[in-house]
Amino acid sequence: MTSNGWIQIALYCAVVLALVKPLGLYMTRVFSGERTFLSPLLAPVERGLYRAAGIDARQEQTWLGYAGAMVVFNLLGFVLLYALLRWQALLPLNPAGQAAVAPDLAFNTAASFVTNTNWQSYGGETTLSHLSQMVGLTHQNFVSAASGIATAVALIRGFARASTRTLGSFWVDMTRATLYLLLPLCLVMALFLVWQGIPQTLAGSFDATTLEGARQTIAVGPVASQVAVKMLGTNGGGFFNANAAHPFENPTALSNFLQMVAIFAIGAALTNVFGRMVGDERQGWAILAAMGVLFLAGVVVTYWAEAAGSPVLNGLGLTGGNMEGKEVRFGIAASALFAVITTAASCGAVNAMHDSLTALGGLIPLVNMQLGEVVIGGVGAGLYGMLTFVVVAIFVAGLMVGRTPEYLGKKIEAREVKMAMLGILCLPLMMLGFTALATVLPAGLAGPANAGPHGFSEILYAYTSAAANNGSAFGGLSANTPFYNATLAVAMLAGRFFVKIPVLAIAGSLAAKKTLPASAGTFPTHGGLFVGLLVGVVLILGGLTFFPALALGPVVEHLAGAAGQTFATGG
Amino acid sequence: MSRQTSSLFSAALLGPALLGAVAKLDPRAMIRNPVMFVVEVVAVLTTVLFLRDVVTGGGDLLFSGQIILWLWFTLLFANVAEALAEGRGKAQAESLRRTRTETTARRLVGAGPATETVPGTSLKVGDVVLVEAGELIPSDGEVVEGVASVNEAAITGESAPVIRESGGDRSAVTGGTQVLSDRIKVRITAAAGSTFVDRMIALVEGAERQKTPNEIALNILLAGLTLVFVFAVATIPSFAAYAGGAIPVIVLVALFVTLIPTTIGALLSAIGIAGMDRLVRFNVLAMSGRAVEAAGDVDTLLLDKTGTITLGNRQATAFRPVRGVSEGELADAAQLASLADETPEGRSIVVLAKERYGIRARDMAGLDATFVPFTAQSRMSGVDLDGSSIRKGAVEAVIAAVTGQPMAAGGGSAALAHWPEAERAAATEIRAIAEEIARAGGTPLAVARDGRFLGVVDLKDIVKGGIRERFAELRRMGIRTVMITGDNPLTAAAIAAEAGVDDFLAQATPEDKLALIRREQAKGKLVAMCGDGTNDAPALAQADVGVAMNTGTVAAREAGNMVDLDSDPTKLIEIVGIGKQLLMTRGALTTFSIANDVAKYFAIIPAMFLGLYPQLQALNVMGLASPQSAILSAIIFNALVIVALIPLALRGVAYRPVGAASLLRRNLLVYGLGGVVVPFVAIKLIDLAVTALHLA
């Protein structure tokens, strides 16, 4: 660990924190329907879109209406993307002449992008046409992110409103999130990335002659635009197979830094939107503080583990950090930081190979996702995931002040607890259930490239990443098989919608309640005590479930490595 | 009903509780408690597997036998907790039931006076019965004729007799209480099986106990957690298979049972029953568990001034003569007027005159005086002697009497227009003094002799000692207090300030009370109040917690969701505390239960996987002796912790009236952090014992 590394980490945190308030204020205005500095330009466009779609922007929806609109919208997006992938060979903008995507892979990819997961069982530059990338994937990168943000905004309204049945309009929230938030930010960021050297062209590839005189085909394409939204929308799907480790996706230290900031920017600012909308910014800061504690703990462990290097090699007298699978232009600190950020948020872009992280270094990304990606999390998803934990934490501990638990003046009762538990239950079921299946079925056992605990980690990571809608790959797993494509797709869809729908149900139930005035007898939810409680509940409820699985994966690998033991491939 | 707190584990209670615990193993009863039902299912399952192994001779019988034994102990301990909680109520119910079955009744035939003797249980609503001195009142009813002193000790535990009479607010009588003097006619208002005593019996026995909203929510959480751990444990066999090994079923079961929230699952219903029981011991009957929970949530307390905030009676504290009259003269006249006045106010005037001016009591008969009693029309009382008449009473009433004019609304001076200057000045002065007194919270009582104003007696409400501190406590708890009084706003404001209540409602009518409650509720607040009169009934029904006084009318008792047998309105404050205690106990034990899981994982996971990966010994942070002893210790801890926490569940977590923040800090530290740390220590100790005894 170097002071340079720590300075990078500190600088990163400072920049993200500095963005929270201004971005939060802007987003609050956008979702409250107030004027922003972009309104003169965008408001006519917005109105035109509603007119074209036949939407009445003032027509608000109940939670069921909101959830229904969201499901229908995503279902149509799914069908469209699936069709596009299957027929890409017949469609234009296919300079490299890519063939149709196989049915299982198309199903998996459609599920992946609709759920904001961006799990990629394929290599982008060798499988997809430019049309598929731009119209299919980039489009879903925007709307799946917007759909997540919309869900979070609906939940916030549930807390902020009282005695009403409606949560706002899904169509309006979607449109505003895309038009006022994602598009302008992506435009600025894409231009910045082009300046940093990322290609943005419709050409397929060009040939270069290497120093040895060999000819090499170098793939290019409309990269910058996709990279911008993959980070800002916490999608993570790379244009290239190597994702953010590829020099054309992430050429410089500066582009790397900006991309990391982009991953957290909207998710962190949403906590501020929450605070502002419920009328007490401190509430938002408390949530962000709990996220921050978990994030920093993860960064410290991963950075320490990577800087300490492999215990096996250390045992052989080879000291020094673990540079396997890392890009030298980023180094250990920026790679470790990136790994934690991308899994804390549900981004899934990688600038280093997670398969090559040390056992403990790889443990943190796993845990981050298993907690439900509530540490900043996916845009929208992180906040509503964390608020689900808040509901449970308040319910359990709130009783200890001798009142029926309440949060922000809303009584937490049977219905909220039921829905929160449904959302929380979904993740271990998907992550552990499918891992259990894959570790006994031959089709599953064919996947991992490594034997022993590391192979186990590869499978566990895949389902964890899918169900948490992260999309990052540990690597080493041959996932482009009908078995993995199908099961991972199910995990992604369940991990998205079986969390989102209960969350909207909570929002609907909360909005219908009265808001009770706070008093000295009310559980204070803006102080350090609450932050500590929330962190504890997230770790115990979200984390302990995975203890057995983690013990058999990264933990035992680390301990074995420390004892100098390795596991032979194919054993 | 005895008020002494019986020891938690007295032999008399423990015996039946153990028997009850076995009876409660019936799955039809267990299914009400999802967590413990799951434990029972796995206990049965492993027992069957164990028996199979006994026959086939496979497996480690000693180890699995012990685990299974502790599984059954876990179930039994949970049932003991519930049976103990119920048992305490059962003992009380028994004596109540005896009073009910033995009574006979003399029912009036037609309009009377003939009566027929029938068993008390055969009475129907509307029957009229005659009860004489020495007899038990056969069922709940209302006195329709007569007045009698009644011993209600069977219900209230208070042996001093109370007066019950027809009409007014003291007409309700309770079945099972005894008439001590006189005879009364009682119209029966409750059918057999639904009388007050019946309801009490059902309540204290927990027979009609329904899950409260909060309990239902908590059960959902616990069921959800149980499911999470089903996923966590059911997936382990495939993980182990991947690692090239297998985990015995009994070990998986041990991990599962220790992880699911058995501690709170076992104690949840006991906590609820004990909460009701605490109220009963406090001589308050809650008609539902929901009401007790609501008490913990109360934001606003409506308290009647008289009897709750102030001592029941006003007392004379000063004589304020008008100009030209000496204090002694006023005191003398006031004392004369009050000699025959038996009201507490009247007596306090006599006492003050003696204390302050040494004026001794005089014999009314010797003075040849005629006492003029107070009437609602005249609003005055007084005395006529030696051709002179002295009157004391409400200021405007006395002025009207002196001036010979009808009382002017608001005391308008028009009536005095034709009066001599001196009298007009005196009347104005009296009004000024009266207003000054009222503003300071007193009640002015004007005194006049032979058409001449003498002055005003200052009657003061005496605020109860220590009440100010109680209200400060309530404020720290986040509860707003509102004083309800019939006084005028001036007086009310002064007393409110002296007592330290947050707000007051002056000149309150029953409609005002109802409106105030609705207003508070519209703001999302929960309101508690107590009342006794029929005109309190709407407000009692509207309030979230309505405590009816046992001395009150039938209507009031029906409208409230709690009945205070001691008829002590101050108790509202304690009732809130008991409600809070119930919720806190639940929260504390849930937190403790969940926090325990950390240590249990560290005990069992390394033990479980040691055969697969010996390196995992590093996770055995407690240094437990062997995998078997580790697992056994965890399951023993899991069972014993239930027993250890039974007293806490029954007694309740100590409640202190401090703010929510400091309460939470303390409880999180004790039950959250304690819940993480305690099992590490306890499991280690159990492991030492298990190893020393060679159990594993």
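Predicted model: local features only at pLDDT ≥ 70, side-chain atom pairs only at ≥ 80, totals over all residues.
**Figure 1**

**Figure 2. The interface of chain A and chain B, with one of its salt bridges.** Chain A gives 61 residues to the contact and chain B gives 63 residues. Between them the two chains bury about 5,100 Å², and 78% of this area lies on carbon and sulfur atoms. Two salt bridges are found across the interface of chain A and chain B. A salt bridge joins R403(A) to D299(B), and in this pair the closest N and O atoms are 2.9 Å apart.

**Figure 3. A salt bridge within chain A.** Over all chains the structure holds 47 salt bridges. In chain A, the side chains of K513(A) and E413(A) meet in a salt bridge with an N to O distance of 2.6 Å. This pair links distant parts of the chain, 100 residues apart, with K513(A) in the loop between α18 (482-512) and α19 (528-543) and E413(A) in the loop between β4 (410-411) and α15 (414-438).

**Figure 4. Packing of α3(B) against α7(B).** Within chain B, helix α3 (residues 34-56) packs with α7(B) at an angle of about 35°, and the axes of the two helices are 9 Å apart. The contact is formed by P34(B), V35(B) and V38(B) from α3(B), together with N219(B), L222(B), A223(B) and T226(B) from α7(B). Five of the residues in this contact of α3(B) with α7(B) are nonpolar and two are polar, whereas none is charged.

**Figure 5. Packing of α3(A) against α18(A).** In chain A, the axes of helix α3 (residues 63-86) and α18(A) come within 8 Å and cross at roughly 155°. α3(A) and α18(A) are therefore roughly antiparallel to each other, and the crossing of these two helices is right-handed. From α3(A) the contact draws on W63(A), Y66(A), A67(A), M70(A), V71(A) and N74(A), and from α18(A) on F497(A), K500(A), I501(A), L504(A), A505(A) and G508(A). By class, the contact of α3(A) with α18(A) has nine nonpolar residues, two polar residues and one charged residue.

Key: Residues numbered from 1 in each chain as written. Chains lettered and ligands numbered in written order. Heavy atoms only, no water. Contact = heavy atoms within 4.5 Å. Buried area = accessible area lost by both parts, 1.4 Å probe. Salt bridge = Lys/Arg side-chain N within 4 Å of Asp/Glu carboxyl O. Helix = DSSP H or I, 4+ residues; strand = E, 2+ residues; numbered from the N terminus. Axes fitted to C-alpha atoms, helices over the stretch in contact; angles between N-to-C directions. Nonpolar A, V, L, I, M, F, W, Y, C, P; charged D, E, K, R; others polar. Parallel < 35°, antiparallel > 145°, perpendicular 65-115°, else oblique. Left-handed = near helix turned anticlockwise from the far one by under 90°.
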